[in-house]
Amino acid sequence: MKKLNGTVIVTYRCNARCNMCNRYKAPSRPDEEISIETIRKLPPMYFTNITGGEPFIREDIKDIVRELDKISDRIVISTNGFFTDRIINLCKEFPNVGIRISIEGLEQTNNEIRGLPDGFNRGYTTLKKLKEMGMKDVGFGMTVQDRNAADLLPLYKLSDELDMEFATASLHNSFYFVEAKNIIKDRPMVAENFEKLINELLNSNSPKKWFRAYFNHGLINYIYGQKRLLPCDMSFDTFFIDPYGDVMPCNGTKDKEVMGNLNEQTWDELWNSDAAERVRNTVRHCDRDCWMIGSVSPAMHKYIWKPAWWVFVHKFLRFYKKQKYSMYELQIVRDLRDGKVSKEDLDKCSTCDMSACVNNGLSELSKEQLKDRTGEEIVAEDIARQSEK
Ligand code: SF4
């Protein structure tokens with residue numbers, strides 16, 4: 001069987017309060033969250049991302065990783081880094097898993113954006129402890145927006161000094177983020193910060209970083225609301241599974257698109273179903289043009305010649321002509337500078353839709369619990385109960 005690229009959303013519970021994601025207001029009920037039995041039904045994967053919500057809120061996260069480890073070549077867990085002890089404990093048993101801790105800027109910016117008490121220090125301490133343990137695949141993940149763009153380069157330099165990975169993203173809207181109002185306001189300012197990062201990455205001796213430079217170049221293109229630089233093939237050899245066992249193409253759609261349910265079906269039934277084919281057809285015509293690592297990384301591998309050519313040209317220009325990367329190589333960036341398009345024109349190209357009804361992708365039972373309590377209250381009680389044990 002061909003190995004796939006899968007993302008397992010183990011919970012929609014989250015203890016952070018990020019300004020660009022409302023998922024913390026719409027948690028899943030623990031008793032409905034994906035079970036070990038369902039995880040055992042997943043196909044072999046060459047890459048598995050475990051995410052949430054906050055995955056380490058699940059008390060059985062180790063059991064989940066143990067199962068996924070049997071069927072995955074490589075596992076990376078995305079976390080806010082708050083549950084330090086659980087993360088360290090898990091990494092002792094699985095030293096080969098990757099850990100990406102979301103840090104949204106230097107201390108003050110991060111804590112403002114993520115709304116986690118002492119979030120920066122907790123995340124940073126966790127990362128340093130993991131490094132001291134000898135973990136190889138650890139790093140930062142940063143979602144760049146107007147408020148933290150100035151911290152992009154300093155944070156990259158910090159990660160570089162610590163010899164850690166540095167993953168970037170920018171604002172997206174979708175049911176997964178329970179958000180439709182995310183938008184970059186000052187595109188040239190944010191793009192300039194990406195440009196500085198791209199030049200740092202191209203200046204390094206690491207081919208992996210050169211390809212990251214291409215990814216960040218694609219982020220500039222994305223925040224200007226342009227067509228993706230590479231096709232999106234989500235749902236063909238890539239999938240997401242949500243806490244309810246629903247298999248989806250990605251986390252970027254406005255409403256949840258369901259290929260089938262793994263609690264009720266076998267993987268083969270689901271993957272080869274008419275519903276899955278319909279979703280693939282939707283993906284083929286999708287115009288949301290996301291640029292998130294989950295959908296871009298498989299595309300960069302599949303259409304390797306395109307990023308490889310970009311890297312070759314930029315390394316050549318840098319080495320032989322001493323010419324740096326410029327964001328103005330993108331036509332749209334020049335057009336905005338030259339007044340050929342307006343900020344309002346570009347706003348219309350984004351997925352930001354102030355009047356959209358946000359579908360949070362919750363089950364009816366999970367929605368039910370929100371009738372008399374907020375998502376924040378539910379998760380806070382949940383964590384308090386866990387820490388009493
Ligand atoms: S562009 Fe791709 S990743 Fe984004 S919503 Fe469409 S199908 Fe999903």
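Buried residues make up 46% of the 389 residues in this chain, and since the coordinates come from a predicted model, that figure and those that follow describe a prediction. A compact globule of 389 residues would have a radius of gyration near 21 Å, and the chain, at 20 Å, agrees with that expectation. Taken along the principal axes, the C-alpha atoms fill a box of roughly 60 × 50 × 45 Å. The secondary structure comes to 16 helices and nine strands, and of the contacts with a separation of 6 or more, 75% are between residues 24 or more positions apart.

The buried residues of α5 are G119, G123, T126, L127 and L130. Seen down the helix axis, they fall within an arc of 95 degrees, so they line one face of α5. Among the elements that cover them are α3 (84-93) and α4 (107-114), as well as the strands β4 (98-102) and β5 (138-144). Just after α5, G134 takes a positive phi of about 95 degrees.

Further along the chain, two helices pack against each other. Two packed helices are described by the angle between their axes and the distance between the axes. For α6 (residues 152-161) and α7 (residues 187-203), the axes come within 9 Å and cross at roughly 30 degrees; these helices are therefore roughly parallel to each other. At their meeting place, L152, L153 and Y156 in α6 meet N193, K196, L197 and E200 in α7.

Most residues other than glycine have a negative phi, and most peptide bonds are trans. Against that background, a cis peptide bond joins G52 and G53, with omega of about 25 degrees, and G53 is found in the loop between β2 and α2. V178, although not a glycine, has a positive phi of about 50 degrees; this residue is found in the loop between β6 (165-170) and α7 and is buried, with 20 other C-beta atoms within 10 Å. K322 is likewise not a glycine and has a positive phi of about 55 degrees, but this lysine, in the loop between α12 (305-321) and α13 (331-337), counts as exposed, with 7 C-beta neighbours inside 10 Å.

N360 is found in the loop between α14 (343-349) and α15 (364-368), and with 21 C-beta neighbours inside 10 Å it counts as buried. N360 and Y176 are 184 residues apart in sequence, yet their C-alpha atoms are 6.5 Å apart in space.

Methods
Residues are numbered from 1 along each chain as its sequence is written. This is a predicted model: local features need pLDDT of at least 70, side-chain atom pairs count only at pLDDT 80 or more; totals for chains, interfaces and linings use all residues. A residue is buried if 20 or more other C-beta atoms lie within 10 Å of its own, exposed if 12 or fewer, and partly exposed in between; C-beta atoms are placed from the backbone. Helices (H or I, at least four residues) and strands (E, at least two) are DSSP runs, numbered from the N terminus. The arc is that of the directions from the helix axis to the C-beta atoms. Two residues are in contact if their C-beta atoms, placed from the backbone, lie within 7 Å. The radius of gyration is taken over C-alpha atoms; the globule rule is 2.2 Å times the number of residues to the power 0.38. Axes are lines fitted to C-alpha atoms, for helices over the stretch in contact, and angles run from 0 to 180 degrees between N-to-C directions. Angles under 35 degrees count as roughly parallel, over 145 as roughly antiparallel, 65 to 115 as roughly perpendicular and the rest as oblique.
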